[in-house]
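Hi everyone, thanks for coming. Have a look at the model on the screen, and I'll walk you through a few spots.

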Amino acid sequence: MARPGAVMASRAAAPRIDGSLVVAEAVQKYFPIRRGLFGRGAGDYLRGVDGVSFAIPGGTSLGIAGESGCGKTTLARLLLRLLTPTAGRIVFAGVDLGTLDGAALLGFRRQAQLMVQNPYEAINPRFTIGRALMEPLIIHRIGAGEDRLDRVIAALTQVNLHPAEAFLDKFPHQLSGGQLQRVGLARALMVDPIFLVADEPVSMLDVSVRAGVLNLMKAIARSRQLTTVYISHDLSLVRYVCDTTMIMYLGTVAEIGPTDAVLAHPKHPYTQLLVAAAPVPDPTYPVPEIAAPEQVPTPIGPAHGCPFKDRCPHVMPVCHTTTPPLVFVGPKHQAACHLYEPTH
Amino acid sequence: MALLTIEDLRVEYRTSRGVTRAVDGVNLEVHEGEVLGLVGESGCGKTTLGRAIIRVLPRNAGIAGGRILFDGTDLAALPEPEMARYRWREIAMVPQAAMDSLDPVYRLGDQFHEVLTITGRLARAAARARALELCDLVGLDRRRLAAYPHELSGGMRQRAAIALALALSPRLILADEPVTALDVVVQHHILRRLRQLRAELSLSVVLVTHDISVIAQTCDRMAVMYAGKIVEVGRTVDVFARPQHPYTMGLQNSFPNLLRPQEMLIPIEGAPPDLLTPPPGCRFAPRCPFAVDRCPVDSPALRELTPGRWAACHRAEEADVLRLHAREAQRWRVPVL
C-alpha cells in the first residue's frame with residue numbers, strides 16, 4: 001500500500017479530479033464509555049463523529065462550527081490522523097490516511113499541521129522561541145546549521161514578529177498571547193505544509209490582537225495556497241475567514257455550503273438558531289426571541305431520527321423516525337433537514 | 001439616580017517586582033436599575049475594579065485611595081465587619097468562572113440554604129420556599145436543587161450562581177464575564193434573563209466583560225477601561241454610534257460582526273503598557289494613531305463632553321473627524337500583509 005514518500009510524491013502529482021485536497025467519506029468516530037470502576041458498560045458508546053462526508057477543495061478554507069460537544073474538535077483530530085475513524089475514511093491528496101505508516105505517515109505529518117487554542121500550552125515553556133521553531137526542522141530533517149536559523153528568522157518575519165532576531169532567545173512566558181500565537185503559526189509553517197488545521201486559534205487572545213492574527217492567517221493562507229480548516233464556536237470569525245462553512249450538531253453535518261449562503265441565509269433550523277443567538281456588536285440590532293431549548297442531548301447510544309428533533313421548532317413526525325440526509329438547498333449548499341426534501 | 005458612585009478609586013497590587021496600580025483614579029457611577037457594562041482587555045483592571053467594590057480583593061491587593069459611595073456610605077472606609085453586612089444583602093457577586101465557584105461536595109439546595117439562612121431571619125421552610133422561587137427566577141429546573149454541581153451543565157451552574165447572588169435580594173449585582181465559555185444559545189438565554197431581572201427586581205447590574213457584542217445586547221450604559229483607567233463612558237447606543245476615544249474606535253474596528261462580514265478588521269498594534277512602569281501621559285498614546293505631542297507627556301482627564309458622555313482624550317472634540325480616519329488601516333500602522 002502506501003510506500004514511504006507516497007504522500008510526498010503526491011504533492012507534485014495532479015490533485016484529485018474535483019480539486020479536493022481532503023475528502024471525508026462517511027467518517028465515524030465512536031468512543032466507548034467506561035461504566036463504573038471496572039471495565040466497560042454493555043457496549044455503550046458516545047457518537048463523537050457520526051457519519052460525516054465532505055470535501056475541501058485545495059487552497060480553500062473550511063470553517064467547522066457548532067456548540068461544545070458537537071464533534072468539531074474530534075473531527076479536526078481525525079483530519080490530522082491524531083485519531084483514527086471507527087468507520088469511513090479520510091483521503092488526503094488521493095491517499096487514505098488510514099493506510100499510512102512509517103515514513104509515509106511522517107511525510108503526512110510534514111504536510112498537515114495543527115495550530116491549537118492556547119499558545120502557552122502549544123510551545124514548550126523550557127524552549128526558547130528559536131529552539132521551538134527549530135524542532136520541526138530537526139524532526140523532519142530539514143536543512144542544517146545556518147540554513148535552519150535562516151528558516152526560523154524567515155518564519156518569524158513572515159508572522160510579523162520584528163525584529164525576528166530579538167525573539168530567538170526569548171522564552172514563551174516573555175511573550176504576549178498574541179505574539180506567542182504568531183509563534184504557533186510560524187512553527188506550523190516551518191515545515192512548509194499544504195494543510196493547516198487551526199482549532200479555536202484566537203479564542204484565548206484579546207479582541208484588539210485577534211484581528212491581527214486572523215488577518216495574518218488569511219494572508220499567509222492566500223499567498224501559500226494553503227488549505228485550511230478553522231474550528232470555532234464563533235460564527236462571526238468563521239464568516240470573516242472561511243470560504244466554506246460546515247455546521248455540526250451531535251457529530252453530524254447539519255449544513256454545509258459557501259459561507260455567505262450558510263450564515264446569511266441559513267436553511268437548517270439549527271444554523272438559524274445559532275445565527276439568531278450569536279451576539280452582534282451593534283446595540284441597535286434587536287435581540288431576537290429564541291424559543292429553542294438550550295440543552296443539547298448527549299450523543300450516547302443509538303440515534304433515532306433527526307439529531308436536532310428535540311430542539312427544533314419545525315419538528316415533524318418523520319423527524320422522529322428517519323435521519324434526514326444532506327440535500328441540496330442551493331448551489332453547493334446542503335442541509336440535513338426533512339423540510340427541504342423534495343417529497344415534503 | 002446613582003446607587004453607586006466611585007470617586008478617584010485606586011487599587012494596588014504588591015508584587016515581587018514592585019507595586020502596580022491596577023485601578024488608577026477611576027470615577028464611575030452606577031445608576032439604579034441599570035445594566036452597566038465594563039469592557040476592556042485582559043489586565044485592564046476591570047475585574048479588580050469589580051472586586052474592589054465588594055472588597056473581595058486578593059491578599060496582595062488593597063484599596064490605596066478614593067471612595068466607593070454605595071447609597072451614601074463609603075464602602076472603602078468601612079471596617080471589615082460592617083462591610084460584611086453589605087455582601088450578599090446589598091451587593092452580590094457572580095464571580096468569573098462562576099461555573100466553578102460552587103462547592104463540589106454540597107448539593108445545590110444546601111448551598112442555597114447556607115446563603116439564605118446567613119442573616120438568621122429565615123426559617124428552614126421559608127428558606128426552602130425562597131430557594132424554589134430563586135430557581136424559577138433564573139430559569140433553573142427546581143429539581144436541580146437536589147443535584148451536585150458536577151451533575152449540572154455549564155449553563156445550569158451559571159444560573160445557579162446567579163440565583164445564589166440574588167438570594168438575599170441585593171440591589172447591586174457584580175457579574176464578571178457571566179457568559180464567557182458558554183455556548184451562544186445558553187449565553188443568549190442567560191443575558192436575556194439578566195436584563196429581565198433588572199427590570200423585575202429593579203436591580204442594578206455591573207457586567208464585566210471583554211466582549212463588546214455582549215455589551216451591545218445587554219447594557220444600558222457602558223464604560224471602557226484601558227490600563228487601569230476609564231477612557232470612555234456613555235449610553236451604549238451612543239458609544240457604539242459615536243465613540244469618542246481612539247481606543248474604543250480601535251475595539252470596534254477589530255471586532256468581527258456576523259452581519260457585516262465584508263468589513264476589514266483592523267487590529268490595534270502593540271500591547272497595553274506594563275502597569276509597574278506606566279507611561280507618564282496618556283496610556284494609550286503608544287498605540288494611538290492620533291497621538292499628538294502632548295499625549296505622551298500629559299495624562300488626559302476623564303471629561304464630560306456632553307451630558308452623560310465622558311471621554312479621557314485630549315482630542316475628544318475632534319472625535320467626529322478622527323472616527324472617519326479610524327477606518328483607515330494604515331492609520332493604525334498595520335503591517336502590509
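Let's start with a turn: in the hairpin of β4(A) and β5(A), which has 2 residues between the strands, Ala93(A) takes a positive phi near 50 degrees. Those strands, β4 (residues 87-92) and β5 (residues 95-96) of chain A, pair in the antiparallel sense over 2 bridges; pairing here asks for at least two DSSP bridges. Helices (H or I, at least four residues) and strands (E, at least two) are DSSP runs, numbered from the N terminus. Phe92(A) has Val95(A) in β5(A) as its bridge partner.

A word on the source: this is a predicted model, where local features need pLDDT of at least 70, side-chain atom pairs count only at pLDDT 80 or more, and totals for chains, interfaces and linings use all residues. Residues are numbered from 1 along each chain as its sequence is written, while chains are lettered from A and ligands numbered from 1 in the order in which they are written.

Next, is His268(A) buried or exposed? His268(A) is buried because 26 other C-beta atoms lie within 10 Å; 20 or more count as buried, 12 or fewer as exposed, and in between as partly exposed, with C-beta atoms placed from the backbone. His268(A) sits in the loop between α11 (259-264) and α12 (269-277) of chain A. Beyond its neighbours within four places in sequence, its contacts include Ile247(A) and Cys337(A), contact being C-beta atoms, placed from the backbone, within 7 Å.

Finally, the contact between the chains takes 37 residues from chain B and 38 residues from chain A. On the chain B side, α6(B) gives the most, with 7 residues.

Terms used: Contact = placed C-beta atoms within 7 Å.
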